[in-house]
Amino acid sequence: MNQGEGVMSQWKGNNGLSRRQVLATAVAASTALSAPAVLAQGRPRVVVVGGGAGGATAARYIARDSRGAVDVTLVEPTRAYYSCFFSNLYIGGFREYASIGHSYGALAANHGINVVHDWAVSVDRDKRTVGLAGGGSLSYDRLVLSPGIDFKEGSVAGWDLSQQNRMPHAYKAGSQTQLLKAQIEAMPEGGVYCMVAPPNPFRCPPGPYERISMVAHVLKQTNPTAKILIVDPKPKFSKQGLFEEGWQRHYAGMIERIGPDFGGDKVEVRPASMEVVIDGEVNKVDACNVIPAQQAGRIAALAGITNDAGWAPVVAHTMQSRADGNIHVLGDASQQGDMPKSGFSANSQAKVCAMAVRGALTDSKVYPARFSNTCWSLIATDDGVKVGASYEATDEKIAKTDGFISQTGESAEVRKATYEESLGWYSAISDDMFS
Amino acid sequence: MLALVPAGGAWSADAERGKALYAQCKRCHQVGDGAAHRIGPHLNDVFGRAAGSLEGFRYSPAMKAAGAGGLVWTAAALDGFLSEPRALVPRSRMSYAGMKEATDRADLLAWLRLSSGGGPDRPAAEPTATPEEYGLDPQLLTITGDPDYGAYLAGECTTCHRPDGGEEGIPAITGWPHDDFVIALQAYKRGKRVHPAMQLVARRLSDEEIAALAAHFRRAGDEP
Ligand SMILES: Cc1cc2nc3c(=O)[nH]c(=O)nc-3n(C[C@H](O)[C@H](O)[C@H](O)COP(=O)(O)OP(=O)(O)OC[C@H]3O[C@@H](n4cnc5c(N)ncnc54)[C@H](O)[C@@H]3O)c2cc1C
């Protein structure tokens, strides 16, 4: 449904029709059909919603590689993107806040991208328009949605967004991250920091546990008798062996994790009294970081392309929505298969999407999709670990083909080099998104 | 054994040992008669030269600035640089953590002094990494890659390697000579160079794809 009729439907997927052929058909039929945006504007139009790891990369690659042949508009409400990646390092005191902030200026200046600072609030898939909170709408030939995540209401009893200042999630970076850091630093001597960890699937599988490491790093210096409590609904977590080895080595006795076998999946929070109730037992805490269950950013649901689990299923070869071939979904919001929800993954998917979009709207070559991901985590000063994998597109999903992970017991030299590598990655991916 | 006592005379150095240590530098630098720029600049007549000053090599802005600011490659400066390159020139593109032992550096510099200057002792330049070193088929170097395909494949590289050739923690690869690029990736692909992430990337690249990437990054080096 919603593919449109006649001429419109020819824009679906890579069906072998060149843009010129489509135009010819469109001109012939233009008396009968309302002209697609491509005729009105002279250039095919791409609208990208969300200027994060997926959206900024896609906008930049489509605009850059089409050399002006495609009109690209990026819709993003914030003027500066504060990356979740490395936001834990900011909490740990390894990065300045300003160093994880990025402006959209170069995307406009260097690539002619029209950056609109607004929220997308609706998608009309028949008319192929995106409505903006500030009024007005943008028409598109292809729409790219990379809105990241939103939280599932009611997933942690006692918590909703109105409580995010007392019990921050800090799982969208920015003022939430600053707030959580300040609360950790303000903990009384010997106080308790509690994290309510999310169920699968969620953005950045090692993210909560890297955060625990960074919180421990800070408390060990400033408040060494403080305790860290993790309430976790999952039996296992990413890089578990590496994290637990590191916590034992650097933060022995400080961190306690309560998994589902001890009620980690039966939690209620009471923000007013700063209490966390675990399987009926009340714990008083001093800082509480609630990371709720997650789903695709709301605009994906408003566009009507999400499944019951709240994610947007996509075709692996092109990142097109399975519900509408005119829409591509990237990053955390997509349900694509084996890739973890990470900035690296979103960036990788964006390049495949950009190639597919250019292929569909111009005559550029299309190569087989390939994807990769590496996630670095910092456990303590100069103690970095990583996990990575390669992926290919199958008709069913993005499928993992190969991978590696850091080993327990690695030398300090290897761990330091791994950390330094992560600095190089951060610097490169930032440029790959925003330069 | 060649021994050499520098002007300061505080230590005696073993140039023969230095030659063996130079094997680490050889991946990127040539020195001796016929030496040319490879991944790094050639090292002929390096003693006494201003940093970042050779024609025809794309230095990092940091290295150029260091030279403009008065850094000259005296033996002492080279010794300091080798011990930890980025302590002396932060954001240098030289991808080398440092040579910790002072005697190693002294030996290396002794050999470099013999090979770098003019005169009868100067050996012919050895090639940087060769296919034979890794047991690779030299035919791999003759494949002509499609730089446009390379440009698409390079999307996987630029998530970690800065395309402008700047570097921090991860080596710059823009502008690398074709052969050096192919040899490095082929060596990762076959597990002869060790790095889990690079082996992962290289394992699924075909010989044609490696050639395509080499062509792309060579071309990218010529862009302003
Ligand atoms: C603590 C933490 C640590 C992490 N560490 C790493 C790491 O080390 N490495 C890594 O690779 N990944 C890491 N991640 C994961 C990474 O941040 C995400 O996977 C990545 O940002 C996903 O990219 P995205 O484009 O899907 O979403 P985002 O980067 O979140 O971008 C979404 C953008 O869309 C905008 N938006 C949302 N809705 C709308 C709308 N309706 N209209 C307009 N704009 C909208 C938002 O403002 C936002 O800017 C981490 C995450 C967290 C929370």
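Biologist: How many residue pairs are in polar contact between domain 1 of chain A and domain 2 of chain A?

Modeller: A polar contact is a pair of N or O atoms within 3.5 Å; within protein, one must be able to donate a hydrogen and the other to accept it, and residues adjacent in sequence count only if both atoms are side-chain atoms. Between these two domains of chain A there are nine such residue pairs, both residues being at pLDDT 80 or more. On the domain 1 side, the elements giving two or more residues are helix 4 (87-91) and strand 10 (149-151) of chain A, where helices (H or I, at least four residues) and strands (E, at least two) are DSSP runs numbered from the N terminus. Helix 4 of chain A gives the most to that side, five residues.

Biologist: What are the conventions behind these values?

Modeller: The model is predicted, with local features needing pLDDT of at least 70 and side-chain atom pairs counted only at pLDDT 80 or more, while totals for chains, interfaces and linings use all residues. Residues are numbered from 1 along each chain as its sequence is written, chains are lettered from A and ligands numbered from 1 in the order written, and side-chain values use heavy atoms, leaving out hydrogens and water.

Biologist: Where are the domains of chain A, and how many residues are in contact?

Modeller: Domain bounds come from an automatic or database domain assignment. Chain A is divided into domain 1 (3-150 + 295-365) and domain 2 (160-292). Contact means heavy atoms within 4.5 Å, and it joins 19 residues of domain 1 of chain A to 22 residues of domain 2 of chain A.

Biologist: Which salt bridges cross between them?

Modeller: The rule asks for a side-chain nitrogen of Lys or Arg within 4 Å of a carboxyl oxygen of Asp or Glu. It finds two across this interface of chain A. A:D150 also forms a salt bridge with A:K172, with closest N and O atoms 2.7 Å apart.

Biologist: What surrounds the ligand?

Modeller: A residue is counted if one of its heavy atoms lies within 4 Å of the molecule. Here 34 residues surround the ligand, the closest being A:E76, A:Y81, A:S146, A:R203 and A:D332. An N or O atom in the side chain of A:S146 is 2.8 Å from a ligand oxygen. Backbone atoms take part too: a polar one of A:A120 is 2.9 Å from a ligand nitrogen, and an N or O of A:G343 lies 2.9 Å from a ligand nitrogen.

Biologist: How is the buried area between chain B and chain A read?

Modeller: Buried area is the accessible area (1.4 Å probe) that two parts lose on being put together, summed over both. Chain B and chain A bury about 2,400 Å², 52% of it on carbon and sulfur atoms. In chain B, B:Y152, B:T159 and B:R204 lose the most area to chain A, together 28% of what that side buries. Five salt bridges are found across this interface. The side chains of B:K100 and A:E413 meet in a salt bridge (3.5 Å, N to O).

Biologist: What holds for the two domains of chain B?

Modeller: Chain B is divided into domain 1 (15-116) and domain 2 (131-220). Their C-alpha centres lie 24 Å apart. They bury about 1,100 Å² between them, 42% of it on carbon and sulfur atoms. In domain 1 of chain B, B:R27, B:R38 and B:I39 lose the most area to domain 2 of chain B, together 45% of what that side buries. B:R38 also forms a salt bridge with B:D180, the closest N and O atoms being 2.9 Å apart.
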